[in-house]
Amino acid sequence: MKKQMLYRVFISTVLVFALISSLLPTTGQVMADASVQVSVILQGKGVDQVAQIVESLGGTVTSRLDIINGVGALIPSQDINTLESRPDVRLTLNNAVYEMSSENSDGWKDAASSAAALSGSGPAPATNYSQVVGANLAWQQGDLGQGVTVAVVDTGLTLFPSLINDATGSSERIVGWKDFIDHSPVPVDPNGHGTHIAGIIANSQMDSDHQFAGIAPNVQLVSVRVLDKNGQGTYEDVIQGVDWVVKHKDQYHIRVMNLSLQAAAQSPYWADPLDEAITQAWADGITVVVAAGNSGPAPLSIGVPGNNPYVITTGAFTDNYTPTNWSDDYIAPFSSAGPTLDGFTKPDIVAPGAHMVSLMLPTSYLASNQRALPVTQTYYSMAGTSQAAAVVSGIAALVIAQHPDITPDQVKYRLMVTAIPWVDTATQQAGYSVWQQGAGRVNAPDAIFSNAAGSANTGLNIEADLAGQTHYEGYSYYDTATGQYRLRPPYNTLNDGYGVWSGGYGVWSGGYGVWSGGYGVWSGGYGVWSGGYGVWSGGYGVWSGGYGVWSGGTIWPDNVFTSPTSKANFMAGKSPDPQNTSTSLQWVSEP
């Protein structure tokens, strides 16, 4: 029997969206004391306009959020209700700022020397995930992600030698750093999560299997710190980070941005300021990869920004400790499932996300508090859709390195059309619904080298969406008569366990199937490909795009919303209510 490790170390790092009500006055409950300042995000027609409004109320602008035509601000609590009633602005109550002691550093050299001393000269422990997704086959063709920069928006970065140096030995790979928490002039990561994610994407060290320990060992890196030592941050922090990445994308050649963080969805995607920021990043040519969340396996558990219809939302599967045997793989029960509250099918794809071995300092918060499992002195094992998103970010970089002129929609299309869905060969039925596995497990060789040509996000006009001219809802709906989730026509015929779901976890425990795939570039001995089981097998339809214009009339089970008020607010397209948003880090059992 395989050892089932029950350490509670899953970090799809949670973006802290609100504090408890005693710390933050909320709508209808704000105090009339003018001395009380409330942290908000205020959006309007332009940054200057909303900044003037803040100043006219005696408030303080704490950040300019150009990417969403807004500002972060401290507003007198007595003016909150007045601002909410104004038709020319949109108000989102932000959470209060967490404080932590600064990390002191004498420079990059000292920080790098400390990490190097711990790393030693031996190989890394076997990581396996590159072989599980076939990235090693791309390396054999000379594609190591060269010429592509990946921005990791997270808890920071530790200067390990294999993150400073790429696979050629060049030490020029960390091209950008920005700290919105402590404003450190050099890369730091008191938490450890950001380094773990960066290692999965880019670690150039060879492991004990004589493979690179990261997916794309020649990519360049930009690290943007938006979460503190405890893995917590504010909407304002994260949006500042996304804004900074977009503003510096040409300077640093940023083509991919990884966001392994989440908050509970409380509004339509288009009313959420973080979703709006990453939609703009996508429109500006950055392929954005995000974690689905760690609240599975229940339906409607996708968080923010995983609910964004444009970006690549990644769920997690496990190889069950047998990396060369696909037959016993299964989707991890913690992996959040769709549909989104807007009716979109999410996740888009699934990737390895269990027992993921990567870099971390033993003095970091996660390691020192036993929230990551030590493998060596500088390698730790964690599980989560955070790590699965990092795998897909690495593969996206490999795709772009091979196709330099490709757009984010085309990257998403390649990843999804070549993905391998789970199929039971005996019944020709899918083992997991489209809301659990998306298009299927990521398939790096075919995504990179096949002749797949097309664009994702069909039926969506991103410019009109950003301009507020129109918004969208997806193909999914809840059939109250049958108690099932279904797809609208023409995808209502996908009934082989894929397009109809009663909300159950899946069939993996009753009998394993095979991963049935498409293009056939990858013919190694990693699994059984039988192919041809239907329009959804190895294929990608517009079910992942837009069904129609947002109507606000989607009906979900009553228990989806915390109250009739929260449901009414969602249907009305109101911005997130921090009273109903999770504030804590999440942990799950290692599969």
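Helices, of at least four residues, and strands, of at least two, are DSSP runs numbered from the N terminus. The model is predicted, and the protein has 17 helices and 23 strands.

**Exercise 1.** Determine where Asp182 lies, whether Asp182 is buried or exposed, and which side chain the side chain of Asp182 contacts.

*Solution.* Start with the position: Asp182 sits in the loop that runs between β6 (174-179) and α7 (193-202). Next, take the relative accessible area, which is 15% for Asp182; because buried means under 20%, Asp182 counts as buried. Finally, look for a polar partner: the side chain of Asp182 makes a polar contact with that of Arg225, at 3.1 Å.

**Exercise 2.** Check the span of helix α12 (residues 385-402) against expectation, and decide how far α12 is enclosed.

*Solution.* With 18 residues at 1.5 Å a residue, α12 should span 26 Å, and the distance between its end C-alpha atoms, 26 Å, agrees with this.

**Exercise 3.** Describe how α12 packs against helix α13 (residues 408-417).

*Solution.* Two packed helices are described by the angle and the distance between their axes. Here the axes come within 10 Å and cross at roughly 115 degrees, and α12 and α13 are therefore roughly perpendicular to each other. The crossing in which α12 passes α13 is right-handed. As for the residues that meet, Val392, Ile395, Ala396, Val399 and Ile400 of α12 contact Val411, Arg414 and Leu415 of α13.

Methods:
Residues are numbered from 1 along each chain as its sequence is written. This is a predicted model: local features need pLDDT of at least 70, side-chain atom pairs count only at pLDDT 80 or more; totals for chains, interfaces and linings use all residues. Side-chain values use heavy atoms; hydrogens and water are left out. The expected span of a helix is 1.5 Å times one less than its number of residues. Buried means under 20% relative accessible area, exposed over 50%, partly exposed in between (1.4 Å probe, protein chains only). A polar contact is a pair of N or O atoms within 3.5 Å; within protein, one must be able to donate a hydrogen and the other to accept it, and residues adjacent in sequence count only if both atoms are side-chain atoms. Axes are lines fitted to C-alpha atoms, for helices over the stretch in contact, and angles run from 0 to 180 degrees between N-to-C directions. Angles under 35 degrees count as roughly parallel, over 145 as roughly antiparallel, 65 to 115 as roughly perpendicular and the rest as oblique. A crossing is left-handed if the near helix is turned anticlockwise from the far one by less than a right angle, and right-handed if clockwise. Contact means heavy atoms within 4.5 Å.
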